[in-house]
Amino acid sequence: MSKSFHIYDSFDQLFPLLEGKKEVMVLIDHGIKELYGHHFPYPQIVVESGEQHKNLANVEKIANALLEMECSRNAFLVCVGGGILTDIGGFVASIYKRGIKCGYVPTTLLAQVDASTGGKTGVNLAGLKNILGTFSLPEFTYISTSTLKTLPPRELLAGAAEMIKAFAIKDKESFAKAERCFRNGIDTSSPQFRELLATAIEIKAGVVERDFRESGERKLLNFGHTIGHAIEKCASACGDSILHGEAVAKGMYFAAHISHQRGLLSEEELKSFCSTLSTIGFDLGTTYPVENLIEAIKNDKKRGENGVDFVFLKEIGISCVEMTSFDELAKGIANVLHQYNRL
Ligand SMILES: NC(=O)c1ccc[n+]([C@@H]2O[C@H](COP(=O)([O-])OP(=O)(O)OC[C@H]3O[C@@H](n4cnc5c(N)ncnc54)[C@H](O)[C@@H]3O)[C@@H](O)[C@H]2O)c1
Ligand SMILES: [Zn+2]
(Lines give C-alpha, C1' and ligand atoms only; values in the text may rest on other atoms or scores of the structure.)
(Ligands and ions follow the chains in the order given, each with its own letter.)
Protein backbone atom coordinates (compact mmCIF):
# COMPACT_ATOMS: atom_id res chain seq x y z
CA MET A 1 0.00 0.00 0.00
CA SER A 2 1.26 3.46 -0.83
CA LYS A 3 -0.77 6.55 -1.30
CA SER A 4 -0.80 5.85 -5.05
CA PHE A 5 0.27 3.16 -7.47
CA HIS A 6 1.39 3.64 -11.04
CA ILE A 7 2.28 0.88 -13.47
CA TYR A 8 3.71 1.79 -16.89
CA ASP A 9 6.26 0.31 -19.25
CA SER A 10 8.63 3.30 -19.12
CA PHE A 11 9.78 6.00 -16.69
CA ASP A 12 8.07 8.86 -18.57
CA GLN A 13 5.06 9.19 -16.30
CA LEU A 14 7.23 9.45 -13.18
CA PHE A 15 8.17 13.09 -13.72
CA PRO A 16 4.69 14.59 -13.30
CA LEU A 17 4.66 12.96 -9.86
CA LEU A 18 7.80 14.89 -8.91
CA GLU A 19 6.68 18.21 -10.32
CA GLY A 20 6.69 21.03 -7.80
CA LYS A 21 8.95 19.14 -5.37
CA LYS A 22 11.97 21.27 -4.52
CA GLU A 23 14.63 18.97 -3.09
CA VAL A 24 14.35 15.70 -4.98
CA MET A 25 17.14 13.19 -4.20
CA VAL A 26 17.54 9.75 -5.68
CA LEU A 27 18.73 6.74 -3.71
CA ILE A 28 19.96 4.00 -6.02
CA ASP A 29 22.28 0.99 -5.89
CA HIS A 30 25.44 0.65 -8.02
CA GLY A 31 24.03 -1.96 -10.40
CA ILE A 32 20.78 -0.10 -11.01
CA LYS A 33 22.60 3.18 -11.49
CA GLU A 34 24.55 1.67 -14.38
CA LEU A 35 21.39 0.34 -15.98
CA TYR A 36 18.86 3.07 -15.25
CA GLY A 37 20.61 5.95 -13.43
CA HIS A 38 20.46 8.19 -16.53
CA HIS A 39 16.65 8.24 -16.31
CA PHE A 40 16.84 10.25 -13.08
CA PRO A 41 18.18 13.80 -13.55
CA TYR A 42 18.49 14.52 -9.81
CA PRO A 43 21.33 14.34 -7.27
CA GLN A 44 21.98 10.66 -6.57
CA ILE A 45 23.12 8.79 -3.48
CA VAL A 46 24.64 5.50 -4.56
CA VAL A 47 24.85 2.49 -2.22
CA GLU A 48 26.08 -1.08 -2.51
CA SER A 49 23.49 -3.76 -3.20
CA GLY A 50 23.16 -6.98 -1.22
CA GLU A 51 21.48 -8.07 2.00
CA GLN A 52 24.74 -7.54 3.94
CA HIS A 53 24.47 -3.83 3.14
CA LYS A 54 20.92 -3.50 4.52
CA ASN A 55 22.35 -2.28 7.81
CA LEU A 56 22.80 0.69 10.13
CA ALA A 57 26.16 1.62 8.59
CA ASN A 58 24.38 2.28 5.30
CA VAL A 59 21.56 4.16 7.07
CA GLU A 60 24.21 6.45 8.53
CA LYS A 61 25.92 6.82 5.17
CA ILE A 62 22.66 7.79 3.44
CA ALA A 63 21.66 10.19 6.23
CA ASN A 64 25.12 11.82 6.07
CA ALA A 65 24.77 12.22 2.31
CA LEU A 66 21.38 13.90 2.80
CA LEU A 67 22.96 16.24 5.37
CA GLU A 68 25.88 17.06 3.06
CA MET A 69 23.36 17.90 0.34
CA GLU A 70 21.72 20.21 2.89
CA CYS A 71 18.39 18.42 2.64
CA SER A 72 15.69 19.98 4.74
CA ARG A 73 12.51 18.39 6.05
CA ASN A 74 10.98 19.24 2.68
CA ALA A 75 13.34 16.90 0.81
CA PHE A 76 11.83 14.08 -1.21
CA LEU A 77 13.71 10.78 -1.55
CA VAL A 78 13.10 8.62 -4.64
CA CYS A 79 14.24 5.06 -3.89
CA VAL A 80 15.15 3.17 -7.06
CA GLY A 81 16.01 -0.52 -6.86
CA GLY A 82 15.03 -3.87 -5.39
CA GLY A 83 13.48 -4.59 -2.00
CA ILE A 84 16.73 -3.90 -0.19
CA LEU A 85 16.85 -0.41 -1.56
CA THR A 86 13.18 0.38 -0.86
CA ASP A 87 13.43 -1.09 2.68
CA ILE A 88 16.49 0.93 3.63
CA GLY A 89 15.43 4.05 1.72
CA GLY A 90 11.96 3.99 3.27
CA PHE A 91 13.56 3.57 6.70
CA VAL A 92 15.92 6.52 6.29
CA ALA A 93 13.09 8.67 4.91
CA SER A 94 10.92 7.81 7.91
CA ILE A 95 13.56 8.95 10.43
CA TYR A 96 15.68 11.66 8.72
CA LYS A 97 14.84 14.90 10.54
CA ARG A 98 11.87 12.97 12.00
CA GLY A 99 10.60 12.03 8.59
CA ILE A 100 10.71 13.23 5.00
CA LYS A 101 8.52 12.11 2.10
CA CYS A 102 9.63 9.45 -0.30
CA GLY A 103 8.55 7.57 -3.42
CA TYR A 104 9.47 4.04 -4.50
CA VAL A 105 10.54 2.96 -7.96
CA PRO A 106 10.90 -0.80 -7.43
CA THR A 107 12.94 -2.58 -10.11
CA THR A 108 12.68 -6.26 -9.12
CA LEU A 109 9.44 -8.18 -9.42
CA LEU A 110 9.67 -9.04 -5.71
CA ALA A 111 9.91 -5.38 -4.79
CA GLN A 112 7.11 -4.43 -7.19
CA VAL A 113 4.66 -7.01 -5.96
CA ASP A 114 5.65 -7.21 -2.32
CA ALA A 115 8.36 -5.07 -0.70
CA SER A 116 7.08 -1.71 -1.94
CA THR A 117 3.52 -2.41 -0.77
CA GLY A 118 2.57 -2.52 2.86
CA GLY A 119 4.59 0.20 4.54
CA LYS A 120 7.19 -1.98 6.26
CA THR A 121 10.66 -0.45 6.18
CA GLY A 122 13.79 -1.58 7.94
CA VAL A 123 17.33 -2.88 8.18
CA ASN A 124 19.03 -5.95 9.62
CA LEU A 125 20.93 -6.00 12.91
CA ALA A 126 23.39 -8.56 14.28
CA GLY A 127 22.73 -10.83 11.31
CA LEU A 128 18.98 -10.87 12.02
CA LYS A 129 16.55 -9.61 9.42
CA ASN A 130 14.50 -6.42 9.74
CA ILE A 131 15.16 -5.92 13.46
CA LEU A 132 15.08 -2.13 13.19
CA GLY A 133 12.27 -0.62 11.19
CA THR A 134 9.17 1.47 10.96
CA PHE A 135 5.72 1.33 9.45
CA SER A 136 5.81 4.16 6.97
CA LEU A 137 4.21 4.67 3.57
CA PRO A 138 5.78 6.19 0.47
CA GLU A 139 3.84 8.96 -1.24
CA PHE A 140 3.75 6.86 -4.41
CA THR A 141 5.04 3.66 -5.95
CA TYR A 142 5.97 3.90 -9.60
CA ILE A 143 6.59 0.70 -11.52
CA SER A 144 8.18 0.64 -14.93
CA THR A 145 7.77 -2.97 -16.07
CA SER A 146 10.52 -2.37 -18.65
CA THR A 147 13.08 -2.76 -15.83
CA LEU A 148 12.12 -6.43 -15.54
CA LYS A 149 13.79 -7.10 -18.90
CA THR A 150 17.24 -6.85 -17.31
CA LEU A 151 16.32 -8.84 -14.22
CA PRO A 152 17.96 -12.32 -14.19
CA PRO A 153 15.31 -14.99 -14.99
CA ARG A 154 15.89 -16.62 -11.62
CA GLU A 155 15.02 -13.38 -9.80
CA LEU A 156 11.96 -12.95 -12.02
CA LEU A 157 10.59 -16.39 -11.21
CA ALA A 158 11.30 -15.87 -7.51
CA GLY A 159 9.27 -12.64 -7.60
CA ALA A 160 6.46 -14.48 -9.37
CA ALA A 161 6.19 -16.72 -6.30
CA GLU A 162 4.85 -13.75 -4.32
CA MET A 163 2.24 -13.12 -7.03
CA ILE A 164 1.19 -16.76 -6.89
CA LYS A 165 0.99 -16.47 -3.11
CA ALA A 166 -1.34 -13.48 -3.32
CA PHE A 167 -3.65 -15.35 -5.73
CA ALA A 168 -3.50 -18.57 -3.71
CA ILE A 169 -4.82 -16.88 -0.59
CA LYS A 170 -7.43 -14.60 -2.18
CA ASP A 171 -8.15 -15.01 -5.88
CA LYS A 172 -8.73 -18.33 -7.61
CA GLU A 173 -9.41 -16.80 -11.01
CA SER A 174 -6.11 -14.93 -11.12
CA PHE A 175 -4.34 -18.08 -9.91
CA ALA A 176 -5.62 -19.90 -12.99
CA LYS A 177 -4.76 -16.92 -15.24
CA ALA A 178 -1.23 -16.87 -13.81
CA GLU A 179 -0.72 -20.51 -14.69
CA ARG A 180 -1.75 -19.79 -18.29
CA CYS A 181 0.34 -16.62 -18.47
CA PHE A 182 3.52 -18.02 -16.85
CA ARG A 183 3.59 -21.59 -18.15
CA ASN A 184 5.81 -20.81 -21.15
CA GLY A 185 8.01 -18.27 -19.37
CA ILE A 186 7.04 -14.88 -18.01
CA ASP A 187 6.50 -12.27 -20.71
CA THR A 188 6.72 -9.09 -18.65
CA SER A 189 5.71 -6.91 -21.58
CA SER A 190 2.34 -8.60 -22.12
CA PRO A 191 -0.90 -6.89 -21.03
CA GLN A 192 -1.86 -10.09 -19.18
CA PHE A 193 1.27 -9.85 -17.05
CA ARG A 194 0.60 -6.18 -16.29
CA GLU A 195 -2.96 -7.02 -15.25
CA LEU A 196 -1.80 -9.87 -12.99
CA LEU A 197 0.85 -7.65 -11.42
CA ALA A 198 -1.73 -4.95 -10.69
CA THR A 199 -4.12 -7.53 -9.20
CA ALA A 200 -1.41 -9.02 -6.96
CA ILE A 201 -0.53 -5.54 -5.69
CA GLU A 202 -4.20 -4.73 -5.11
CA ILE A 203 -4.63 -7.92 -3.10
CA LYS A 204 -1.71 -7.08 -0.82
CA ALA A 205 -2.73 -3.42 -0.58
CA GLY A 206 -6.29 -4.42 0.34
CA VAL A 207 -5.16 -6.80 3.07
CA VAL A 208 -2.73 -4.24 4.47
CA GLU A 209 -5.31 -1.48 4.43
CA ARG A 210 -7.67 -3.59 6.52
CA ASP A 211 -4.92 -4.70 8.95
CA PHE A 212 -1.93 -2.38 8.80
CA ARG A 213 -0.15 -3.69 11.90
CA GLU A 214 -0.58 -7.41 11.27
CA SER A 215 -2.96 -8.33 14.05
CA GLY A 216 -5.29 -10.43 11.90
CA GLU A 217 -5.87 -10.70 8.17
CA ARG A 218 -2.35 -9.54 7.25
CA LYS A 219 -1.04 -12.82 8.63
CA LEU A 220 -2.49 -14.49 5.52
CA LEU A 221 0.34 -12.90 3.55
CA ASN A 222 2.66 -15.30 5.39
CA PHE A 223 1.29 -18.21 3.36
CA GLY A 224 4.27 -20.40 2.46
CA HIS A 225 6.56 -18.28 4.62
CA THR A 226 6.74 -20.26 7.89
CA ILE A 227 8.39 -23.21 6.17
CA GLY A 228 9.87 -20.98 3.44
CA HIS A 229 11.82 -18.98 6.04
CA ALA A 230 12.95 -22.23 7.69
CA ILE A 231 14.25 -23.43 4.31
CA GLU A 232 16.09 -20.12 3.83
CA LYS A 233 17.72 -20.50 7.26
CA CYS A 234 18.76 -24.12 6.59
CA ALA A 235 20.12 -23.10 3.18
CA SER A 236 22.11 -20.27 4.68
CA ALA A 237 23.51 -22.59 7.40
CA CYS A 238 24.68 -25.01 4.67
CA GLY A 239 26.00 -22.28 2.37
CA ASP A 240 23.36 -23.13 -0.28
CA SER A 241 22.11 -20.33 -2.47
CA ILE A 242 18.35 -19.82 -2.45
CA LEU A 243 16.25 -16.79 -3.23
CA HIS A 244 13.40 -15.78 -0.93
CA GLY A 245 10.74 -16.49 -3.58
CA GLU A 246 12.25 -19.89 -4.34
CA ALA A 247 11.96 -20.81 -0.67
CA VAL A 248 8.41 -19.43 -0.52
CA ALA A 249 7.37 -21.63 -3.47
CA LYS A 250 8.65 -24.69 -1.59
CA GLY A 251 6.96 -23.41 1.58
CA MET A 252 3.62 -23.10 -0.26
CA TYR A 253 3.99 -26.66 -1.50
CA PHE A 254 4.44 -27.87 2.10
CA ALA A 255 1.63 -25.66 3.37
CA ALA A 256 -0.82 -26.97 0.76
CA HIS A 257 -0.02 -30.57 1.74
CA ILE A 258 -0.36 -29.78 5.43
CA SER A 259 -3.72 -28.10 4.67
CA HIS A 260 -4.82 -31.31 2.99
CA GLN A 261 -3.55 -33.43 5.88
CA ARG A 262 -5.66 -31.29 8.24
CA GLY A 263 -8.72 -32.00 6.13
CA LEU A 264 -9.02 -28.41 4.93
CA LEU A 265 -7.95 -28.72 1.28
CA SER A 266 -9.41 -31.40 -0.99
CA GLU A 267 -7.18 -33.86 -2.83
CA GLU A 268 -8.29 -32.40 -6.15
CA GLU A 269 -7.41 -28.82 -5.14
CA LEU A 270 -4.09 -29.98 -3.72
CA LYS A 271 -3.17 -31.66 -6.99
CA SER A 272 -4.22 -28.67 -9.02
CA PHE A 273 -2.26 -26.30 -6.75
CA CYS A 274 0.94 -28.35 -6.87
CA SER A 275 0.67 -28.93 -10.59
CA THR A 276 0.44 -25.16 -11.17
CA LEU A 277 3.56 -24.58 -9.07
CA SER A 278 5.56 -27.10 -11.08
CA THR A 279 4.12 -26.03 -14.44
CA ILE A 280 5.29 -22.49 -13.77
CA GLY A 281 8.77 -23.86 -13.14
CA PHE A 282 9.30 -23.83 -9.38
CA ASP A 283 11.66 -26.45 -7.99
CA LEU A 284 9.67 -27.98 -5.13
CA GLY A 285 12.28 -30.36 -3.70
CA THR A 286 13.79 -29.88 -0.23
CA THR A 287 16.73 -31.84 1.13
CA TYR A 288 16.95 -30.47 4.68
CA PRO A 289 15.92 -32.88 7.45
CA VAL A 290 12.66 -32.25 9.29
CA GLU A 291 14.51 -31.70 12.61
CA ASN A 292 16.49 -28.79 11.15
CA LEU A 293 13.40 -27.26 9.58
CA ILE A 294 11.44 -27.45 12.84
CA GLU A 295 14.38 -26.03 14.78
CA ALA A 296 14.43 -23.08 12.39
CA ILE A 297 10.64 -22.60 12.79
CA LYS A 298 11.05 -22.61 16.58
CA ASN A 299 13.59 -19.80 16.25
CA ASP A 300 11.15 -17.69 14.25
CA LYS A 301 10.42 -14.34 15.86
CA LYS A 302 6.70 -14.86 15.15
CA ARG A 303 6.40 -18.13 17.11
CA GLY A 304 4.01 -18.72 19.98
CA GLU A 305 4.73 -20.86 23.06
CA ASN A 306 4.10 -24.28 21.52
CA GLY A 307 3.45 -23.49 17.91
CA VAL A 308 3.00 -20.85 15.23
CA ASP A 309 0.20 -19.06 13.43
CA PHE A 310 0.19 -21.12 10.26
CA VAL A 311 -1.58 -20.17 7.03
CA PHE A 312 -3.71 -22.93 5.50
CA LEU A 313 -5.54 -23.18 2.21
CA LYS A 314 -9.17 -24.24 2.32
CA GLU A 315 -9.46 -23.90 -1.43
CA ILE A 316 -7.28 -22.17 -3.96
CA GLY A 317 -8.21 -18.53 -3.30
CA ILE A 318 -9.51 -19.13 0.25
CA SER A 319 -7.13 -19.22 3.20
CA CYS A 320 -7.18 -19.07 6.98
CA VAL A 321 -4.73 -18.76 9.88
CA GLU A 322 -4.70 -21.21 12.77
CA MET A 323 -2.34 -21.72 15.67
CA THR A 324 -0.57 -24.98 14.85
CA SER A 325 1.64 -27.01 17.13
CA PHE A 326 5.28 -27.74 16.31
CA ASP A 327 4.34 -31.45 16.52
CA GLU A 328 1.72 -31.18 13.81
CA LEU A 329 4.11 -29.24 11.61
CA ALA A 330 6.87 -31.80 12.16
CA LYS A 331 4.54 -34.64 11.20
CA GLY A 332 3.26 -32.74 8.18
CA ILE A 333 6.75 -31.83 6.96
CA ALA A 334 7.98 -35.41 7.46
CA ASN A 335 5.05 -36.74 5.39
CA VAL A 336 5.70 -34.33 2.56
CA LEU A 337 9.43 -35.09 2.51
CA HIS A 338 8.67 -38.80 2.50
CA GLN A 339 6.14 -38.53 -0.34
CA TYR A 340 8.29 -36.18 -2.42
CA ASN A 341 11.36 -38.38 -2.15
CA ARG A 342 9.31 -41.37 -3.35
CA LEU A 343 8.18 -39.54 -6.52
N1 LIG B 1 9.11 -4.35 3.23
C2 LIG B 1 8.50 -5.47 2.90
O3 LIG B 1 7.31 -5.63 3.10
C4 LIG B 1 9.30 -6.55 2.22
C5 LIG B 1 8.63 -7.61 1.61
C6 LIG B 1 9.38 -8.57 0.94
C7 LIG B 1 10.78 -8.45 0.90
N8 LIG B 1 11.40 -7.40 1.51
C9 LIG B 1 12.86 -7.26 1.48
O10 LIG B 1 13.28 -7.17 0.13
C11 LIG B 1 14.66 -7.58 0.06
C12 LIG B 1 14.86 -8.41 -1.18
O13 LIG B 1 14.49 -7.65 -2.29
P14 LIG B 1 14.90 -8.07 -3.78
O15 LIG B 1 14.66 -9.51 -3.99
O16 LIG B 1 14.25 -7.08 -4.66
O17 LIG B 1 16.48 -7.95 -3.73
P18 LIG B 1 17.53 -6.81 -4.06
O19 LIG B 1 17.05 -5.47 -3.70
O20 LIG B 1 18.82 -7.25 -3.48
O21 LIG B 1 17.70 -6.94 -5.62
C22 LIG B 1 18.28 -8.13 -6.14
C23 LIG B 1 19.47 -7.84 -7.04
O24 LIG B 1 18.98 -7.51 -8.32
C25 LIG B 1 19.55 -6.30 -8.78
N26 LIG B 1 18.51 -5.67 -9.57
C27 LIG B 1 17.44 -4.98 -9.09
N28 LIG B 1 16.66 -4.62 -10.11
C29 LIG B 1 17.23 -5.05 -11.24
C30 LIG B 1 16.90 -4.97 -12.61
N31 LIG B 1 15.77 -4.39 -13.01
N32 LIG B 1 17.75 -5.50 -13.52
C33 LIG B 1 18.88 -6.13 -13.12
N34 LIG B 1 19.24 -6.26 -11.84
C35 LIG B 1 18.42 -5.72 -10.91
C36 LIG B 1 19.93 -5.54 -7.54
O37 LIG B 1 20.96 -4.61 -7.80
C38 LIG B 1 20.37 -6.67 -6.62
O39 LIG B 1 21.71 -7.01 -6.89
C40 LIG B 1 14.95 -8.33 1.36
O41 LIG B 1 15.83 -7.57 2.14
C42 LIG B 1 13.58 -8.46 2.03
O43 LIG B 1 13.68 -8.43 3.42
C44 LIG B 1 10.68 -6.46 2.15
ZN1 LIG C 1 7.88 -13.02 1.01
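For the ligand shell described below, Ala, Val, Leu, Ile, Met, Phe, Trp, Tyr, Cys and Pro count as nonpolar, Asp, Glu, Lys and Arg as charged, and the others, Gly among them, as polar. The model is a predicted one, and its protein is divided into domain 1, covering residues 5–150, and domain 2, covering 154–191 together with 214–342.

- Ala-168 stands 53 residues from Ala-115 along the chain, and the C-alpha atoms of the two are separated by 18 Å.

**The two domains**

- Between the C-alpha centres of domain 1 and domain 2 there is a separation of 29 Å.
- The contact between the domains draws nine residues from domain 1 and eleven residues from domain 2.
- On the side of domain 1 that touches domain 2, the residues divide into four nonpolar, two polar and three charged.

**Strand β2 and its parallel partners**

- Strand β2, which spans residues 24–29, is mostly covered, since five of its six residues are buried.
- β2 runs parallel to strand β4 (residues 76–81), to which five bridges join it, and within this pairing Val-24 stands opposite Phe-76 of β4.
- β2 also runs parallel to strand β3 (residues 44–47), here through four bridges, and Leu-27 has Ile-45 as its bridge partner in β3.

- Strand β9 (residues 307–315) pairs with strand β10 (residues 318–325) in the antiparallel sense, over eight bridges.
- Among the paired positions, Val-311 has Val-321 as its bridge partner in β10, and Glu-315 is bridged to Ile-318 of β10.
- The two strands form a hairpin with two residues between them, and Gly-317, in the turn, has a positive phi of about 100 degrees.

- Phe-254 is found in helix α10, which spans residues 244–261.
- With 25 other C-beta atoms within 10 Å, Phe-254 is buried.
- Leaving aside residues up to four places away in sequence, Phe-254 touches Ile-227, Ile-333 and Val-336.
- Lys-120 is 134 residues from Phe-254 along the chain, and 26 Å separates the C-alpha atoms of the two residues.
- In helix α12 (residues 290–298), the buried residues are Leu-293, Ala-296 and Ile-297.
- These three residues lie on the same side of α12, because they cover an arc of only 100 degrees around the axis.

- Most residues other than glycine have a negative phi.
- Lys-97, although not a glycine, has a positive phi of about 50 degrees, and its place is in the loop between α4 and β5 (101–106).
- Lys-97 is partly exposed, having 14 other C-beta atoms within 10 Å.
- Ala-126, likewise not a glycine, has a positive phi of about 55 degrees, and this residue sits in the loop between β6 (120–125) and β7.
- A residue with 12 or fewer other C-beta atoms within 10 Å is exposed, so Ala-126, with 6 C-beta neighbours inside 10 Å, counts as exposed.

Definitions and conventions:
Residues numbered from 1 in each chain as written. Chains lettered and ligands numbered in written order. Predicted model: local features only at pLDDT ≥ 70, side-chain atom pairs only at ≥ 80, totals over all residues. Domains from an automatic or database assignment. Contact = placed C-beta atoms within 7 Å. Buried ≥ 20, exposed ≤ 12 C-beta atoms within 10 Å, placed from the backbone. Arc of directions from axis to C-beta. Pairing = 2+ DSSP bridges.
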